[in-house]
Amino acid sequence: MLTIAMTVYKRTGRTDKTIKSVLENKADKIELLVLLDKPWKPEMTKLQELIDSWNPEDWTMQIFIQQTDKKITWLRNKAFEMSKNENVFVINDDVEVSKNFDKIIQEHLKNNIVNPVFRNPNEEWRRYKDNNISWHARAITKKNRNKIWMIDERLKLRYWDDFIFHNAIDHGLKIERINDVQIFHNWSTT
């Protein structure tokens, strides 16, 4: 089973589309982790709607509500602590995934950090980051994650992609970009 860890700063319509896309396009049962960063009332209302629509036979769910000022970097660390599965796919709350994404990603997760190639609304071609990890959707096993994490909480969000990338290379992990899974990435809302 694949764990999908989605961090949410302030919930938007894109967040709803992300959850819907994940649930509609999975091949197998998944675990969905929703990690909220100091939610306001609208985020809590939408969270209750998600809980009310939950089908435990189809997907499991865990929720973490952060009330501190530790920000998204700390939440992404928390995702691996909470995950009940070895394989973890960390996503932003503004992406949509292609059919069977979970099955395909797990096929590539041996000694790799898996980065699906992505598109955004303003470009027709696929993109990826040649010299880094994908900041909006990437997968790794817990075993490999423990080689390169914890991300230092003092690091600002914009720097931690480089931290992961260089630590992964130092520990002999391959950064693999796969074309079999498409990610539609909206402009980041964080």
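What share of the contacts in the protein chain with a separation of 6 or more comes from residues 24 or more positions apart? The figure is 79%, where a contact means heavy atoms within 4.5 Å. The structure is a predicted model, in which local features need pLDDT of at least 70 and side-chain atom pairs count only at pLDDT 80 or more, whereas totals for chains, interfaces and linings use all residues. Residues are numbered from 1 along each chain as its sequence is written, and side-chain values use heavy atoms, with hydrogens and water left out.

The protein chain contains six helices and eight strands. Read from the N terminus, the order is β-α-β-α-β-α-β-β-α-β-β-α-α-β. The chain has 190 residues, of which 52% count as buried; buried means under 20% relative accessible area, exposed means over 50%, and partly exposed lies in between, with a 1.4 Å probe and protein chains only.

The charged pairs may be considered next. Side chains of opposite charge can pair when their charged atoms come close. Four salt bridges are present in the structure, each defined as a side-chain nitrogen of Lys or Arg within 4 Å of a carboxyl oxygen of Asp or Glu. One of them joins Lys-26 to Asp-58, with 2.7 Å between the closest N and O atoms. Lys-26 is in the loop between helix H1 (13-25) and strand E2 (30-37), and Asp-58 is in the loop between helix H2 (41-52) and strand E3 (59-66), so this pair ties together parts that are 32 residues apart in sequence. Lys-26 is buried, at a relative accessible area of 12%, while Asp-58 is partly exposed at 30%.

Another salt bridge links Lys-46 and Glu-49, whose closest N and O atoms are 3.2 Å apart. These two residues are three positions apart in helix H2, and about one helical turn therefore separates them. Lys-46 is partly exposed, with a relative accessible area of 25%, and Glu-49 is partly exposed as well, at 43%.

In helix H3 (residues 71-82), Glu-81 and Lys-78 are likewise three residues apart, about one helical turn. Their salt bridge brings the closest N and O atoms to 2.8 Å. Glu-81 counts as exposed at 58% relative accessibility, whereas Lys-78 counts as buried at 14%. Elsewhere, salt bridges that share partners join Asp-16, Lys-46 and Glu-49 into one network.

Helix H4 (residues 101-108) shows how burial is arranged around a helix. Its buried residues are Phe-101, Asp-102, Ile-104, Ile-105 and His-108. Viewed down the axis of H4, these residues fall within an arc of 165 degrees, so they line one face of the helix; the arc is that of the directions from the helix axis to the C-beta atoms.

Finally, Asn-92 occupies the loop between strand E4 (87-91) and strand E5 (95-97). Asn-92 counts as buried, at 5% relative accessibility. Asn-92 and Thr-18 are 74 residues apart in sequence, yet their C-alpha atoms are 8.5 Å apart in space.

Terms used:
Helix = DSSP H or I, 4+ residues; strand = E, 2+ residues; numbered from the N terminus.
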